[in-house]
Amino acid sequence: NNSTLSYVDTWGQVACGATINGQSGMSAYILRKWMAADASGNTGSSNQYLYFERKRLTDLTLPAAITLGCQSPGTEPQVTGVPRIKQFGLDWPIWPSDGFCDFSSTYTDLPIEVCDGSKTIVRTWVIHESCFPAGSSNPLNHVQVIKVVDTLPPVPQCPENVTVSTNPNDCQRDYNLPDFIVADSCSRMSSLTAYWTDYNGIGRGLNGSFTTLPGNNPWAPDTM
């Protein structure tokens, strides 16, 4: 068989509410022209239409609630998700700055402070479908809850062990102990407790709190 077969595709859009070859509810089509030729130079052709159904708001995949760690609190849609529509075997994002087909989206955020290093963002998405009239379901409103939580404890940096000789007469000595460093990547530190054993073998403790540490705002890492 020395015949050859080829085709050429032409893409076409279907206007809102229009039909194509008696087909309604379509958003686009491909006109595929098949061409065949045999060894004697005889040719033939035929047309094939491939139709694409117009997607609806009910076909969307909407961004789900998400919980993020405070050490990386990026809450933009690139991180937390956007509405998506499946078309041509792919998931297409409907970005607020750039819609897809007949869909456009926007969102507003309501931040709610919970405690140091933690907050909740109530994000309300509004997705509009331009080919259908406005009504109770167009545009579509969707609420996405984004939580930023602090699950990391402060990290202490203990000084090295040290041995100190005492005064020769009273077995005592004043000594400036090395600094104890403690850091928290998300929240303000509010208190610090120290424990030690005295020369009689009795355990001791000291509690302290911090309220006026410079730069001690709820979202700045602390190091002391």
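Guide: A residue counts as buried under 20% relative accessible area, as exposed over 50%, and as partly exposed in between, with a 1.4 Å probe and protein chains only. By that scale C115 is partly exposed at 47% relative accessibility, whereas C158 is exposed at 61%. The model is predicted: local features need pLDDT of at least 70, side-chain atom pairs count only at pLDDT 80 or more, and totals for chains, interfaces and linings use all residues. Residues are numbered from 1 along each chain as its sequence is written, and side-chain values use heavy atoms, with hydrogens and water left out.

Visitor: How many disulfides does the structure hold?

Guide: A disulfide is a covalent bond between the sulfur atoms of two cysteines. Here the criterion is a pair of cysteine sulfur atoms within 2.5 Å. The structure holds one, and this disulfide joins C16 to C131 with an S to S distance of 1.7 Å. Because the torsion about the S-S bond is about -90°, the disulfide of C16 and C131 is left-handed.

Visitor: Which loops hold C16 and C131?

Guide: Strands (E, at least two residues) are DSSP runs, numbered from the N terminus. C16 lies in the loop between β1 (4-13) and β2 (26-37), and C131 in the loop between β8 (118-129) and β9 (140-149), so the pair ties together parts that are 115 residues apart in sequence. C16 is partly exposed, with a relative accessible area of 45%, while C131 is buried at 14% relative accessibility. C115 is in no disulfide; the nearest cysteine sulfur belongs to C70 and is 9.6 Å away.

Visitor: In what order do the strands of the four-stranded open sheet stand?

Guide: Two strands pair if DSSP finds at least two bridges between them. The order in this sheet is β4-β9-β8-β7, with mixed pairing. Since β4 (66-69) and β7 (103-115) are at the edges with a single partner strand each, one side of each is left without a neighbour in the sheet. Neighbouring strands are turned by 20° against each other on average, direction ignored; the axes behind this angle are lines fitted to C-alpha atoms. The parallel strands β4 and β9 are joined by four bridges, and G69 stands opposite V149 in β9.

Visitor: Is the pairing of the three-stranded open sheet parallel or antiparallel?

Guide: The sheet has the order β1-β2-β3, and its pairing is antiparallel. Its edges are β1 and β3 (43-53), each with a single partner strand, so one side of each has no neighbour in the sheet. Eleven bridges connect β2 and β3, and K33 has N47 in β3 as its bridge partner.

Visitor: What is the volume of the largest pocket?

Guide: Rolling a probe the size of a water molecule over the atoms shows where empty space is left. On a 1 Å grid over the protein atoms alone, a pocket is an open set of points where a 1.4 Å probe fits, with protein on both sides within 12 Å along at least five of seven lines; lining residues have an atom within 4 Å of a point. The volume, meaning the space filled by probe spheres set on the points, is about 690 Å³ for the largest pocket. Of its 19 lining residues, L177, P178, A194, Y195 and W196 are the closest to the centre.

Conventions:
Axes are lines fitted to C-alpha atoms, for helices over the stretch in contact, and angles run from 0 to 180 degrees between N-to-C directions.
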